[in-house]
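These notes are set out point by point for a colleague who wishes to check them against the coordinates. Please read them with the chains displayed together.

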Amino acid sequence: MRARQLLIAVLAAFSAVALLALSGLVFGHGELLSILISGSVGSTFALEGTLLKSVPLLLTGLSVAIAFRAGVWNIGGEGQFLAGAMGAFLGARYGMIAALAASLIAGALWASIASALRLWRNAPEVLTTILLNFIAIHLLGYAVNGPLQEASGKYPQSDLASASLPASGELHAGIAIAVAAAIAAWFLLYRTAEGLRLRASGFNRSAAKWAGVNVNAQLVRAMAISGAMAGLAGGIELLGVTHRLFERVAAGYGYAGIAVALLAQLHPLGTIASSFFFGALTTGAGELQRTAGISSTVATFGQALVILVTIVFTRRKIA
Amino acid sequence: MTHALLSAIPLAIVASTPLLLAVLGELVVERAGMINLGIEGMMLTAAMTAVIAAQLTHSIALGFLAGILGAAIVGALFGLFAIRYAVDQIVTGTAIVLLAQGMTGYVYRELDLFYQPVPRMTFDPIVPLAWIVFPIVLALLLWRTRFGLRLRACGELPAAVTANGASVTTHRWIALAIESALTGIAGAYLSLALSSGFAENMVSGRGFIALSIVIFGRWKFRGALLGTAVFGIAAAAQYALQASGRGVPFHLLLAVPYVVTLLILCGIAGRVRAPESLGKT
Amino acid sequence: MRLSHVTKRFGANVAVNDVSLDFAPGEIVGLVCENGAGKTTLMAIAAGELAADEGSIEDRVPVAVVHQHFLLVSEFTIAENLALAMWGRDAGEIIRESGIELRDVRRRVADLSVGEKAKLELIKAIARRPRMLILDEPTSVLAPTEARELFDVMRRLAATGTTVIFISHKIPEVLEVATRIVVMRRGRIVVDGGTMSATELAEKMVERRSDSPVRPLVNTPRHVDSRPGSAGRTGESDLRLSDLRLSGLRVPLHPGEIVAIIGVAGNGQSELAASLRDSLRGRVAHIPEDRARDGLVAEMTIAENIALAERRWRPRAAEQRAAALIERFNIRAQSPLQRAGSLSGGNQQKVILARELERQPEIIIAAEPTRGLDIEATSFVHDELRDAAARGAAILLITSDLDEAFALGDAIHVIYRGTLSPRLTPDEAAVQAPGLMAGIA
């Protein structure tokens with residue numbers, strides 16, 4: 001079973017890249033593949049960029065993996081990421097630890113709006129989480145154009161955050177935090193009773209209910225943990241990379257998390273490798289834009305391809 | 001304030017026409033048993049292909065046709081995965097949206113024609129079509145014909161359809177085709193009539209809002225019209241507030257449609273009954 | 001119509017084995033067999049839905065099948081369901097032609113009683129004007145009076161020359177209405193025609209597994225032995241049913257006692273069980289009615305399923321405990337790490353029982369615990385329930401199997417359209433149950 005999953009993952013990643021290269025050829029950009037590779041892992045500089053991009057992807061991937069495993073459709077990673085970034089910014093004045101904690105809490109709270117609406121009003125979380133993404137984007141827009149705008153008032157961005165993650169050159173401590181989170185997520189899902197109940201609820205909510213699991217409580221907890229992961233992604237990105245808030249700070253990391261999670265077959269440890277792949281794809285796409293003028297949205301295109309190939313070969317229910 | 005609100009209503013009706021078309025299309029598809037989150041991507045693609053065609057041919061009509069074609073291609077992709085391969089519809093729909101965003105983003109930067117203004121639309125049949133003709137025709141189709149009966153049965157109990165020798169997949173493909181046509185018109189209208197061309201992410205969540213309205217309207221055409229109207233009026237409040245210069249921050253106003261949609265979703269509470277086989281593969 | 005030497009295999013399993021049957025117009029053929037004997041496959045072949053691997057079918061006629069599980073769209077009206085099956089004909093006219101009574105075609109199927117739904121399915125089948133009508137376990141959802149009505153319809157149809165095939169495992173009913181008896185066992189025809197007593201038929205239907213004589217499945221009440229262990233216990237667990245759909249009737253349930261709630265399926269039993277599941281806390285065990293959907297998480301292992309009720313998750317300890325339970329409950333599984341979904345129905349039920357009984361529950365709510373199980377698994381489940389009662393548990397048994405209810409129950413309630421009758425002794429129930437189940441007070 002494990003080997004088959006690995007095979008599917010490799011196949012999906014390979015197919016996506018092949019399709020990208022092929023469409024590059026069709027549109028007259030034969031050098032697409034080579035630029036992707038050299039731009040992502042071809043130099044120390046590129047590798048650094050890839051690693052930096054992998055960190056938020058790892059966490060948003062974890063966010064989706066945990067949610068989907070629990071049978072919860074959390075498509076709100078983008079908004080939870082932003083909530084986490086804003087929370088980290090506000091908490092930064094009390095230090096780095098406070099900032100990180102604030103990002104976890106903010107992400108969890110933002111996600112919990114959706115779970116609350118689901119429990120009280122039966123609102124499907126697949127839609128509410130997406131709507132909350134849009135709301136979060138505009139909240140951020142309001143913040144950086146208004147109350148949180150930098151003192152000089154020139155650009156729609158905030159001042160520098162009061163805290164940051166320890167770093168060595170460009171690489172920051174967030175890498176370690178992210179990997180630790182992946183291990184913690186694995187432990188939670190596969191070594192604790194809570195994780196067993198979460199997975200059971202995801203496979204078969206009805207059977208879990210009959211076995212005595214409080215599926216509503218599971219929903220709330222899964223959503224909160226999932227949101228916290230995405231929020232942490234935002235917090236780390238702020239404290240380690242961007243150091244200030246601006247409108248496009250989430251840059252699609254939330255939605256990319258879906259591709260990361262699916263490629264990893266929803267396995268927390270798998271997201272480590274999966275996020276590296278997508279980090280490379282994103283960094284390479286950036287290089288493509290710089291050198292060949294090809295829009296970096298090919299990365300989004302690549303994510304979509306991976307998702308589609310993965311689900312065709314997996315062919316069963318997502319959880 | 002009231003005056004501003006009232007005068008904003010006609011504008012709101014016109015402005016929510018793409019949304020309504022999407023709602024109508026999604027309603028047909030969900031009645032047939034599928035959830036198509038990819039409608040956002042279909043509209044986006046249609047918006048782009050419509051502009052491309054209109055710019056190249058200087059014909060608005062051809063632009064609309066191209067819009068339908070663009071939506072149909074993306075819709076066919078959704079159908080390939082959701083019907084033919086029968087994989088999870090929600091994940092597929094999300095992937096379709098990402099695909100469309102990636103594709104349109106790429107094409108947008110490749111072609112120059114997007115920087116020129118589009119030909120103007122002198123005659124606008126779309127609004128009466130969308131608000132009056134299509135709902136009536138579709139309602140008659142779904143509730144007064146054998147095809148419509150079978151299509152609705154596909155969304156409730158597919159086994160009952162196959163037991164009588166009809167094909168569930170055929171009905172779902174046709175539903176998808178209807179949705180593609182409507183969505184194509186919606187996307188084209190958005191870029192050709194309501195805006196002055198294509199812009200990235202111009203659909204701004206209308207697809208997802210459409211899905212919400214379908215639920216709010218209890219999968220009926222009356223509800224679809226009502227829901228879109230409610231949304232449109234709430235959106236009108238946004239314009240009115242903006243125009244009144246009351247000092248409500250611009251960005252917060254942008255969030256109003258989504259908050260309204262959340263409220264709409266809250267309004268359904270526990271008593272909503274979806275088509276029995278909705279989303280089941 | 002004639003079937004000659006028809007055989008059908010599914011992989012290694014021979015579902016229909018060299019079956020030859022001659023059907024004549026106007027007969028009522030009672031096909032007696034257990035679940036899994038091959039009747040569904042045979043009838044599918046006769047109806048032309050499935051092709052046989054060997055053998056031939058001559059003189060085919062139009063066949064209509066009324067399946068055990070309804071193929072009705074709940075949200076549609078009666079008229080719409082008929083239109084789905086037969087577009088263009090007026091619903092009222094279809095119903096009149098069938099000779100079966102069903103009023104107001106504008107009602108939604110969801111609002112119909114189970115008996116009316118069965119009638120609608122029958123009308124749908126008859127509307128196709130078949131020369132052969134196959135009824136698959138039609139009385140499983142009918143009250144005794146409704147069953148009688150059905151027999152009248154069958155006789156009337158036969159009189160017009162239609163061949164009626166009545167599949168059932170309830171021997172007394174088959175004896176009452178059939179003109180010819182066919183017994184099927186493990187894909188073969190073992191009896192065709194002739195006269196036999198109920199006991200002899202029952203023996204033919206089932207393979208003897210042990211020395212114990214096979215009891216004929218007749219609906220005569222049993223006298224229940226006094227239950228050991230319950231005498232002298234005080235205290236009761238009251239289940240107050242305050243759900244909207246159910247009357248607020250107190251159901252006293254004493255430790256060591258088995259109370260059976262009987263009724264035709266679809267009269268509120270599922271809602272009752274679900275509402276009990278949601279409202280009762282503490283050491284209560286629930287055995288769900290729909291084993292496939294609600295019983296076990298198919299994708300998880302046996303050990304994981306059993307551990308779901310536990311507080312802690314220790315993979316190794318769980319595996320060992322599951323192995324011990326597999327041993328004790330005689331579950332046919334390769335290992336505790338086997339996927340629960342790959343077990344047979346009977347073994348799945350054993351796993352569910354094992355999981356629930358391991359918690360030493362004070363109350364057990366068991367809904368249709370032996371549905372679809374073979375004789376061996378059924379008696380196993382019955383023994384476990386009796387043992388649990390002997391150990392002091394209070395058991396609420398929700399079942400549509402009257403034999404089971406009378407065999408196990410110390411007291412009986414009848415459920416009809418969401419309301420419970422007052423508590424009855426088995427003797428009282430034997431007299432009143434048929435009427436109560438049909439809604440006649």
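1. Strand β3 (residues 28-32) of chain C is mostly covered, five of its five residues being buried, where buried is taken as 20 or more other C-beta atoms within 10 Å of the residue's own, with C-beta atoms placed from the backbone. Both faces of β3(C) are covered, with I28(C), G30(C) and V32(C) on one side and V29(C) and L31(C) on the other. Strands here are DSSP runs of E of at least two residues, and helices are runs of H or I of at least four, numbered from the N terminus.

2. This is a predicted model, in which local features need pLDDT of at least 70 and side-chain atom pairs count only at pLDDT 80 or more, while totals for chains, interfaces and linings use all residues. Residues are numbered from 1 along each chain as its sequence is written, and chains are lettered from A and ligands numbered from 1 in the order in which they are written.

3. β3(C) is joined by five bridges to strand β7 (residues 163-168) of chain C, and the two run parallel; within this pairing (two strands pair if DSSP finds at least two bridges between them), G30(C) stands opposite F166(C). Four bridges join β3(C) to strand β8 (residues 180-185) of chain C, also in parallel, and there V32(C) has V183(C) as its bridge partner.

4. In chain A, helix α3 (residues 44-69) packs on helix α12 (residues 270-292) at an angle of about 130°, with the axes 7 Å apart; axes are lines fitted to C-alpha atoms over the stretch in contact, and angles run from 0 to 180 degrees between N-to-C directions. That angle makes α3(A) oblique to α12(A), because angles under 35 degrees count as roughly parallel, over 145 as roughly antiparallel, 65 to 115 as roughly perpendicular and the rest as oblique. Among the residues making the contact are G49(A), K53(A) and L57(A) of α3(A) and S275(A), F276(A) and G279(A) of α12(A).

5. Between chains B and A, 36 residues of chain B are in contact with 35 residues of chain A, contact meaning that the C-beta atoms, placed from the backbone, lie within 7 Å. On the chain B side, α5 (89-110), α10 (206-216) and α12 (250-266) each give two or more residues, and α5(B) provides the largest share, 13 residues.

6. The contact of chain B with chain C takes 11 residues from chain B and eight residues from chain C. On the side of chain B that touches chain C, the largest share, five residues, comes from α7(B).

Definitions and conventions
Contact = placed C-beta atoms within 7 Å. Buried ≥ 20, exposed ≤ 12 C-beta atoms within 10 Å, placed from the backbone.
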